[in-house]
Amino acid sequence: MVKPGDRVAYAGGPPGSYSEARLVPAHILVPIPAGVDDTSAAAVMLKGMTAQYLICRTYPVRAGEAVLFHAAAGGVGLIACQWLKALGATVIGTVGSDAKAAVACAHGCDHVIVSTKEGVAKRVKEITGGAGVPVVYDSVGKDTFLSSLDCLRPLGLMVSFGNSSGKVTPFDLGILAQKGSLYLTRPTLATYTATRADLEATARDVFDVIREGRVKVEVRHTYPLREAAQVHRDLEGCKTVGSVVMLP
Ligand SMILES: NC(=O)c1ccc[n+]([C@@H]2O[C@H](COP(=O)([O-])OP(=O)(O)OC[C@H]3O[C@@H](n4cnc5c(N)ncnc54)[C@H](OP(=O)(O)O)[C@@H]3O)[C@@H](O)[C@H]2O)c1
């Protein structure tokens, strides 16, 4: 648990983070270790813990496996792709522009697909010699859901963890049968960190990979808190790379 004077961080919990000071329940706080500065901690609490549970628990990726991670230059993506590379995976990432492709390549992606120019499923099949990948991590949602299923090998796992382009529209469950007896999960960080033990273990893993240098946190966008509306416009316009941090 935490004590007075600790530098602390949290992810999730009750709404109200757009504020200079706030009260939060002590049980959702974790101490920030020495060697991790405040801005980095703010950048990785939600996104780093999400990357951790996705690649270590939802589908524990093993060295040598090829995996597909959508929005590879986004906040979660940039952390996850570096972490996947450190695990020894072959990382296939998707991005929306050539500029973001360069960033994704520099942060762990072995192959980057610019989804505005190339067919994602076709490229994934080419890269994997026709086999497909065992897992797709998809936070884009509506625009990518069905083509993500086409990237999977038989018995593969579709991890739909976000809705950046909108909610996935209802579909016939039979599609999972037709496309190779696929598995589907819609996970949330809240479930994976619901117990104090899981929260502490997940946060510890995140801070460890940062301190060991396996994942580098580069915060390219900081905004004053009063510009929160502009932050949302930039996120919606896909203008950001990596994590965005608002400063009081
Ligand atoms: N389930 C969970 O536990 C959990 C936890 C954390 C976050 N999330 C969700 O995961 C998603 C990614 O989070 P993040 O922090 O990485 O977000 P982010 O930094 O804003 O990245 C999102 C990226 O998605 C791509 N995208 C494609 N279509 C889009 C559209 N119509 N509008 C906006 N973006 C679009 C863009 O990349 P390109 O320009 O390269 O296409 C964009 O930069 C979010 O939906 C978030 O809510 C879920």
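Colleague: What is the area buried between domain 1 and domain 2?

Modeller: This is a predicted model, in which local features need pLDDT of at least 70 and side-chain atom pairs count only at pLDDT 80 or more, while totals for chains, interfaces and linings use all residues. Residues are numbered from 1 along each chain as its sequence is written, and side-chain values use heavy atoms, with hydrogens and water left out. An automatic or database domain assignment gives domain 1 (8–47 + 193–247) and domain 2 (63–186). Buried area is the accessible area (1.4 Å probe) that two parts lose on being put together, summed over both; carbon and sulfur atoms give 64% of the area between these domains, and the total is about 1,200 Å².

Colleague: Which elements give two or more residues to the side of domain 1 that touches domain 2?

Modeller: Contact here means heavy atoms within 4.5 Å, and it links 16 residues of domain 1 with 12 residues of domain 2. Helices (H or I, at least four residues) and strands (E, at least two) are DSSP runs numbered from the N terminus, and the elements asked for are helix H1 (38–58) and helix H8 (196–211).

Colleague: How many salt bridges does the rule find across the interface of domain 1 and domain 2?

Modeller: A salt bridge is a side-chain nitrogen of Lys or Arg within 4 Å of a carboxyl oxygen of Asp or Glu. By this rule the model's count comes to 14, yet across the interface of domain 1 and domain 2 the number is zero.

Colleague: Which residue meets aspartate 198 in a salt bridge?

Modeller: The N to O distance of this pair is 3.6 Å, and the partner of aspartate 198 is arginine 57. Aspartate 198 lies in helix H8 and its partner in helix H1, so the pair ties together parts that are 141 residues apart in sequence.

Colleague: Is glutamine 82 buried or exposed?

Modeller: Glutamine 82 has its place in helix H2 (residues 75–87). Not counting residues up to four places away in sequence, glutamine 82 touches His107, Gly108, Arg214, Val215 and Lys216. Its relative accessibility is 11%, so glutamine 82 counts as buried.

Colleague: What is the relative accessibility of alanine 80?

Modeller: Alanine 80 is also found in helix H2, where, leaving out residues up to four places away in sequence, it touches Ala51, Ile55 and Phe69. Alanine 80 counts as buried because its relative accessibility is 0%.

Notes. Buried means under 20% relative accessible area, exposed over 50%, partly exposed in between (1.4 Å probe, protein chains only).
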